Amino acid sequence: TMAACMNHLMPSDSWQKQVLTFAPGDVLDMEAMKSTLVQLGYERTAQAEGPGQFAIRGGILDVYPLTEENPVRIELWGDEIDSIRSFDAESQRSIENLEEIRIYPAAELIPDERQRTAALERIEKDAARAINQFQKEGQTEAAAAVRQLLSDAKDALLELAEPLSMEGFIDYFTPRTESFPDYFDPKRTLIFLDEPTRILEKGRSVEKEFEESMANRAAKGEALPEEARLLYSSEEITVRLNRRNCVALSLLEQKAPEWEQTGRYQIDARSINP
């Protein structure tokens, strides 16, 4: 959707560095893997029954990657991977042996200690400015709300044992963000636009609703200034898409000059064989 394309996302190269790849014969430190999977957003459970869960029993690691239909079981011989098999989550029976498994992060934000520290400093500065302004205006409740927001952010940032879920603070963690279309190679990707005029209308509607919501939250001390910039404008996304290889499908008359057309092909509906 247009709304999904307007969200600020972490650069793709940052989370691609977090992808884990295992194959038989690799050395695996089970103790280190416990904290690694938690930091990647996975939840430790007694059994890996759903996506985003993992379980450890002795030298056996069960993990349910978000990208797989079934969980996988990694068995160790000492500290070396002896076998990797997919298995049925309900019956626990093996399905097939795997030559390799890739485990993708289950969280969007996976900051290291340096990024956490830098983000917290920026959040504290923004919070201090907001608190000071509210106090000058005599808005004690709003100032208290900002203090609580800062306290919650500190808890999330300093609690290293839990996955970080602070997508609303993404711009505090990285100087560079990307949109969803940026994740795809421009030379190898063809994007289809279903009714471009409606897409732009929807984007503007989402943009307006977001601005009104953030203004309301900021006035109550429920959001910091940087959070109000978490959305690319619909015009900005349109400009980015205009630079890509796109095919627009439309039954409506094009009334949006924002969309650049390099060619046009018209189909007479009467000539289509049902």
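Author: A helix, as the word is used here, is a DSSP run (H or I) of at least four residues, numbered from the N terminus. The model is predicted. Just after helix H4, Gly138 takes a positive phi of about 75°.

Reader: How many residues does helix H4 have, and what does it reach from its first C-alpha to its last?

Author: Helix H4 covers residues 113-136, which makes 24 residues, and reaches 35 Å, close to the 34 Å expected at 1.5 Å a residue.

Reader: Which residues of H4 are buried, and what do they pack against?

Author: The buried residues are Arg116, Ala119, Leu120, Ile123, Asp126, Ala127, Ala130, Ile131 and Phe134. Their packing partners are helix H5 (140-158), helix H6 (170-173) and H7.

Reader: By what are two packed helices described?

Author: The description uses the angle between their axes and the distance between the axes. For helix H7 (residues 196-219) and helix H8 (residues 234-242), the axes come within 9 Å and cross at roughly 145°. Leu200, Gly203, Arg204 and Glu207 of H7 make this contact with Ser234, Glu235 and Thr238 of H8. By class, the residues of the contact are one nonpolar, three polar and three charged.

Reader: Why does Gln53 count as buried?

Author: Buried means under 20% relative accessible area. Gln53 counts as buried because its relative accessibility is 18%. This residue lies in strand S3 (residues 53-57). A polar atom of the Gln53 side chain lies 3.0 Å from the backbone nitrogen of Glu49, and the side chain also reaches the backbone nitrogen of Gly50 at 3.0 Å. Beyond its neighbours within four places in sequence, the contacts of Gln53 include Tyr42, Asp62 and Tyr64.

Methods. Residues numbered from 1 in each chain as written. Predicted model: local features only at pLDDT ≥ 70, side-chain atom pairs only at ≥ 80, totals over all residues. Heavy atoms only, no water. Axes fitted to C-alpha atoms, helices over the stretch in contact; angles between N-to-C directions. Helix = DSSP H or I, 4+ residues; strand = E, 2+ residues; numbered from the N terminus. Contact = heavy atoms within 4.5 Å. Nonpolar A, V, L, I, M, F, W, Y, C, P; charged D, E, K, R; others polar. Expected span 1.5 Å × (residues − 1). Buried < 20%, exposed > 50% of the residue type's maximum accessible area, 1.4 Å probe, protein only. Polar contact = N/O pair within 3.5 Å; in protein donor to acceptor, adjacent residues only side chain to side chain.
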